[in-house]
Amino acid sequence: MRRPVGFWLITGWLCYAVLPWYAGQAWGVPLWTDAGPESLGSGLYAGLTQGRWWLLPIGLCLLAASLTALWPLSNPAADPARLAAHRAARGLGLALAGGSGLALLLLQGFSIGLRGWTVTAATGVFGTVEAQSGIGIGAWGTSLALLFAMTYGLADRGAFKGDGFISGAVGLAVAGIGIFVFLPVFYVLAAAIIGPKGDVSFLALFDRLTTRAIWSLDCVVGPRRCGVVWNSLFLAVLTGIFTTLLGLGFALVATRTNFRAKKLLRLLTVLPIITPPFVIGLAIILIFGRNGVVTVALASLFDIAPSRWIYGLPGVLLTQTLAFTPIAFLVMIGVVQGVSPSVEEAAQTLRATRWQTFRTVTLPLIRPGLANAFLIGFIESLADFGNPLILGGNYDVLSTKIFFSVVGAQNDPGMAATLGLILLTLCLGAFFLQRLWLGKKSYTSVGGKGDGGQHALLPRRVSRLTYAIVLPWAAFTAIIYGMILFGGFVETWGRNHALTFRHYWTAFSVEWVNGGIFWTGRAWASLFTTLEIAAISAPITAAVGLLTAYLLVRQRFAGRGAFEFATMLSFAIPGTVIGISYIMAFNQPPIELTGGFAILVICFVFRNMPVSIRAGIAAMSQIDRSLDECSQTLGASSATTLRRVILPLLRPAIVASLVYSFVRAITSISAVIFLVSAKYELATAYVVGRVEQGDFGLAIAYCSALIVLMALAIGLIQLVVGERRIGRRPVASATPAIVEKAA
């Protein structure tokens, strides 16, 4: 028996025969005694003594898988063909037993709910049955055991070149995406074909899809507004272009220049990602709004009448560019660093100038980063609803339309689902256009040979242009955050600027009582809960995302393209829809998670995972496959190769994944606003509550503390992960004089 198969089968038996099968059950004595309907014990016990006969076939499948795994292969010295045939036969048995058990577990979970059978016709065939609640730790563990038995069986049959690790990883990724992405999305999008009377009606879907408010082009031929699709598409394209160019500019300054304040520039670059979006919007309003600082100054100096120009496309585009540029930077800096110095030095040896080297060598090799940065910016813009909600004015976009269709006076979930389908279609189109632009060209520049070269400095004209774009934007960012930090130390931001520490003391006061520390501030509870969730979800998100990227870049299997698109689904749907879909899917059997800690972690993992995947794909596209082949030729498994060869070269992507997932777990609001409970209140939900009550000083003070805290966390992540080094000399230094003159 393979050791991993044995481990998972033993785990499966422990979960099926010992651990609680249903959620909410106690551990210990109730496993073996009948202490009431909430203490039905393990799946085996409930099936044998509680009349829950539908749990027994799952145990039979687990038994069949165990007997198949114990079936000995023929003598290793026997004919290799006969040995392969025996292994394939055993693999078939494992795959069938594991797959059948998994199918039965899902079937019984969705067929029997809180009122018995969910399908009325089943009562006439099987009779009435006892109701059952959501699955617990026993059922989850048994599901994993059956899943891995099936995947290892497929590997024995020759799938994934017989690699059990790759087969199990693909199976786990597909199962996770299926349960926590496709299932909740299905619940929401199914409402698109539900008619006014609650019946299935494709005519209702057609009527919603052809609404004039969605596709109108009146803004082109007349004074009226365009449809919401065109508004969203135009905004997303502009945001994608601006964020990609700015992210590239910051990455080039950080890696290809002798700019002295690189650390300060990098800090200013990532600041917007560690701030709740509506805080940036408030700062923009206080600067450019009708009574903003700049507006009042222009009115007094140049007699320019104050206006509301910031509300609409200009304001939303400005805030989205400010908020999403850090993501593009985190993707681009790893790709720019990944260009091998020896390739650029080879071009210079052939008498190419620095401009020719940059145009013909460097830029083509960073195309995967440009494509992935644009895709992320495009989708982030489509999915964002916080910034359009504050600054959108009359400029409607899909995300705000979906939000008001669900929670507004319209109360039209069918229209929200239809708009969600359109949003998915736009993201799908961007995804395929990105793949078409990249094509099948090779972008590999990191091979197995040591590289002692150094990255070339930017050409003078490119350097000047980059500085002209990057430095003013960095200064603007510094002004924005100066105002945000200042707002926490004044009585009323924008009105009474008397200095005070009252807001910080109210939020984070601490008292020493009877020899113990009491966290008496009103914000401590939400802060501790938020940090705990972020610390748990961030490494899981990075691990799952980078493993998925490894599977997509390094493995070839049927349905890989569809699998890659499926990983982007949760990223393409607005957070509001994600939150509502999680309530619809996980507030009833077989998976009951609402109101708990786990649903918040799961939501953050699968919501933020696409950024980890895109960063991993962009970085891994530059690493030569010969490194994997050399490692495996020396006897290393795929898991060892990934851990000891690939991951050390993915440090920029690891930093990007950890930083993004940690920060978004603290600053996200749209998805989790529907999932938080009184027991598990998050920082953003608390801040929104303060804003709704008009307590802006406390809200800004809390956000300022979060900014400082996340900046420290980012520094710690970069210190722990470290930097990737593919050369033995400094990254950028002075260029020889002859090359300097040639440029």
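## Burial and overall make-up

Of the 743 residues in the chain, 55% count as buried, in what is a predicted model. The secondary structure of this chain comes to 34 helices and eight strands. Among contacts with a sequence separation of 6 or more, 73% are accounted for by residues 24 or more positions apart.

In soluble globular proteins, nonpolar side chains tend to be buried together. In this chain the largest nonpolar core has 176 residues, and those with the most contacts inside this core are Ile284, Ile480, Tyr582, Phe586 and Tyr702. Helix H28, which covers residues 597–620, gives the most to this core, with 17 residues. A second, separate core has 27 residues, including Ala46, Ile58, Trp117 and Phe148.

The surroundings of Phe586 can be described in turn. Once its neighbours within four places in sequence are left aside, Phe586 is in contact with Ile179, Phe180, Leu183 and Pro184, and also with Ile591, Glu592, Leu593, Thr594 and Ile599.

## The pair H3 and H4

Two packed helices are described by the angle between their axes and the distance between the axes. For helix H3 (residues 56–70) and helix H4 (residues 80–111), the axes come within 8 Å and cross at roughly 165 degrees. H3 and H4 are therefore roughly antiparallel to each other, and their crossing is left-handed.

On the H3 side the contact is made by Pro57, Ile58, Cys61, Ala64, Ala65, Thr68 and Ala69, while H4 contributes Arg90, Gly93, Leu94, Ala97, Ser100, Gly101, Leu104, Leu105 and Gln108. Sorted by class, the contact of H3 with H4 has ten nonpolar, five polar and one charged residues. Ile58, one of the H3 residues in this contact, is also included in the second core.

## The pair H16 and H17

Helix H16 (residues 341–349) and helix H17 (residues 354–365) pack at an angle of about 145 degrees, and their axes are 10 Å apart. The crossing in which H16 passes H17 is right-handed. Val343, Glu344, Ala347 and Gln348 of H16 make the contact together with Arg354, Thr357, Val361, Thr362 and Leu365 of H17. By class, the residues of the contact of H16 with H17 divide into four nonpolar, three polar and two charged.

In helix H12 (residues 262–270), Leu265, Leu268, Thr269 and Val270 are buried. The buried residues of H12 pack against four helices, namely H11 (228–256), H15, H22 (460–487) and H33 (696–721).

H15 spans residues 313–338 and holds Thr325. Thr325 is buried, because its relative accessible area is 2%, under the 20% limit for burial. Not counting residues up to four places away in sequence, Thr325 touches Thr243, Leu246, Gly247, Phe250 and Gln320.

## Leu172 of helix H7

Leu172 has its place in helix H7, which covers residues 164–189. With a relative accessible area of 41%, Leu172 is partly exposed, because this class lies between the 20% limit for buried residues and the 50% limit for exposed ones. When residues up to four places away in sequence are not counted, Leu172 touches Leu144, Leu147 and Phe148, and Phe148 is itself included in the second core.

Leu172 can also be placed relative to a residue elsewhere in the chain. Leu172 and Val544 are 372 residues apart along the chain, and their C-alpha atoms are separated by 9.7 Å.

Definitions and conventions
Residues numbered from 1 in each chain as written. Predicted model: local features only at pLDDT ≥ 70, side-chain atom pairs only at ≥ 80, totals over all residues. Heavy atoms only, no water. Axes fitted to C-alpha atoms, helices over the stretch in contact; angles between N-to-C directions. Helix = DSSP H or I, 4+ residues; strand = E, 2+ residues; numbered from the N terminus. Parallel < 35°, antiparallel > 145°, perpendicular 65-115°, else oblique. Left-handed = near helix turned anticlockwise from the far one by under 90°. Contact = heavy atoms within 4.5 Å. Nonpolar A, V, L, I, M, F, W, Y, C, P; charged D, E, K, R; others polar. Buried < 20%, exposed > 50% of the residue type's maximum accessible area, 1.4 Å probe, protein only. Core = buried A, V, L, I, M, F, W, Y, C linked by side-chain atoms within 4.5 Å.
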